[in-house]
Amino acid sequence: MGLPNRDEVEGKFDQAKGKTKEVVGRALDDRDLEAEGAADRASGNVQEGFGKVKRNVGEAVEDLGDAIKR
């Protein structure tokens, strides 16, 4: 497993940001902030997943290139 790419890192950040907004929204009884946090968290999950797929495809291409060189 390689290092996380930009999409994975940004996705994790959005997940953390969303979770924070959700908790603060619940504490302040602000349903809009809570919903915004849930949306941020969902967006972060999608972006992180996209980053993982992108990294796995890149690693597969590298492995294929290494196999061809042998």
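Residues are classed as buried under 20% relative accessible area, exposed over 50% and partly exposed in between, with a 1.4 Å probe and protein chains only. The structure is a predicted model, in which local features need pLDDT of at least 70 and side-chain atom pairs count only at pLDDT 80 or more, while totals for chains, interfaces and linings use all residues. Residues are numbered from 1 along each chain as its sequence is written, and side-chain values use heavy atoms, with hydrogens and water left out.

With a salt bridge taken as a side-chain nitrogen of Lys or Arg within 4 Å of a carboxyl oxygen of Asp or Glu, the count is 12. One of these pairs aspartate 7 with lysine 54, at 2.7 Å from N to O. Helices are DSSP runs (H or I, at least four residues), numbered from the N terminus. Because aspartate 7 belongs to helix 1 (residues 6-27) and lysine 54 to helix 2 (residues 31-69), their contact ties together parts that are 47 residues apart in sequence. Aspartate 7 is buried, at 14% relative accessible area, whereas lysine 54 is partly exposed at 43%.

A salt bridge also joins the side chains of glutamate 8 and arginine 55 (2.8 Å, N to O). Glutamate 8 lies in helix 1 and arginine 55 in helix 2, so this pair likewise links parts 47 residues apart in sequence. Both glutamate 8 and arginine 55 are buried.

Lysine 21 and glutamate 36 form a further salt bridge, their closest N and O atoms being 2.6 Å apart. Here, helix 1 contributes lysine 21 and helix 2 glutamate 36, so the parts tied together are 15 residues apart in sequence. Glutamate 36 is partly exposed, with a relative accessible area of 39%.

Technical notes. Helices (H or I, at least four residues) and strands (E, at least two) are DSSP runs, numbered from the N terminus.
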